Amino acid sequence: MKLDKKNHWETVYQTKTPEQVSWTQDTPKTSLDFIQSFGLNKTAKIIDIGGGDSKLVDYLLDNGYKNITVLDISAKALEKAKLRLGDKANTVNWIVSDVLDFKPNTTYDVWHDRAAFHFLTTPEDIKKYISITTEVVTGYLTIGTFSENGPKKCSGLEITQYNQNQLTVELKAGFEKIKCITEDHLTPFDTTQNFLFCSFKKII
């Protein structure tokens with residue numbers, strides 16, 4: 001199953017341009033707003049889960065953040081991001097891994113995930129993801145998933161929709177909710193996808 005999942009995403013990034021995938025954003029404003037709202041200094045350790053070739057890393061670097069990790073299951077996705085960034089890519093820590101197989105040797109002040117968590121559809125996988133975050137996040141968590149008014153599938157794969165209560169309950173053992181918003185993401189195909197974005201603080 002994991003091999004199939006990896007092959008799926010490698011094929012997507014091998015064969016499609018950013019204009020041909022629904023999740024592309026020119027400016028990841030909501031993600032940036034949440035990360036900046038935590039008021040951390042520029043050396044804070046930030047990890048972007050399922051970052052692919054998202055431009056969030058570009059904007060974080062432009063805003064002076066110095067300790068950024070991008071994780072994605074697709075090596076091809078990270079390759080595209082590195083090519084786009086040029087020399088700046090050398091300042092970023094790139095990790096090719098399924099998040100469920102991720103065994104970090106450090107902790108993170110901010111864990112950011114836009115549109116990776118909702119691909120977990122079994123209780124076992126969701127529990128494992130949350131167990132990893134609880135172990136490695138020392139500060140804040142921000143997650144963007146499809147809301148109850150969002151799509152039921154993405155890239156041909158089943159997803160799990162959330163409302164803020166469901167997401168809060170899933171994370172309640174390790175994290176306290178700070179804020180949730182919903183917003184429409186306009187895709188490159190001029191369709192809209194309703195997202196739920198929530199931020200949480202680690203319970204110490």
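Which residues form one aromatic cluster? Phe102, Tyr108, Trp111, Phe117, Tyr129 and Tyr162 do. This is a predicted model, in which local features need pLDDT of at least 70 and side-chain atom pairs count only at pLDDT 80 or more, while totals for chains, interfaces and linings use all residues. Residues are numbered from 1 along each chain as its sequence is written, and side-chain values use heavy atoms, with hydrogens and water left out.

**View 1. The largest nonpolar core has 28 residues.** A nonpolar core is a set of buried Ala, Val, Leu, Ile, Met, Phe, Trp, Tyr and Cys residues joined through side-chain atoms within 4.5 Å, where buried means under 20% relative accessible area (1.4 Å probe, protein chains only). Phe102, Trp111, Phe117, Tyr129, Leu167 and Leu171 touch the most other members.

**View 2. Phenylalanine 146 and phenylalanine 195 form an edge-to-face pair.** Rings of Phe, Tyr and Trp (its six-membered ring) pair if their centres lie within 6.5 Å, and planes under 30 degrees apart count as stacked, over 60 as edge-to-face and the rest as tilted. The ring centres of phenylalanine 146 and phenylalanine 195 are 5.0 Å apart with the planes at 65°, and each residue is buried, phenylalanine 146 at 1% relative accessible area and phenylalanine 195 also at 1%.

**View 3. The charged end of arginine 114 sits over the ring of phenylalanine 195.** The distance to the ring centre is 5.1 Å; such a placement requires NZ of Lys or CZ of Arg within 6 Å of the ring centre and within 35 degrees of the ring normal.

Key
Buried < 20%, exposed > 50% of the residue type's maximum accessible area, 1.4 Å probe, protein only.
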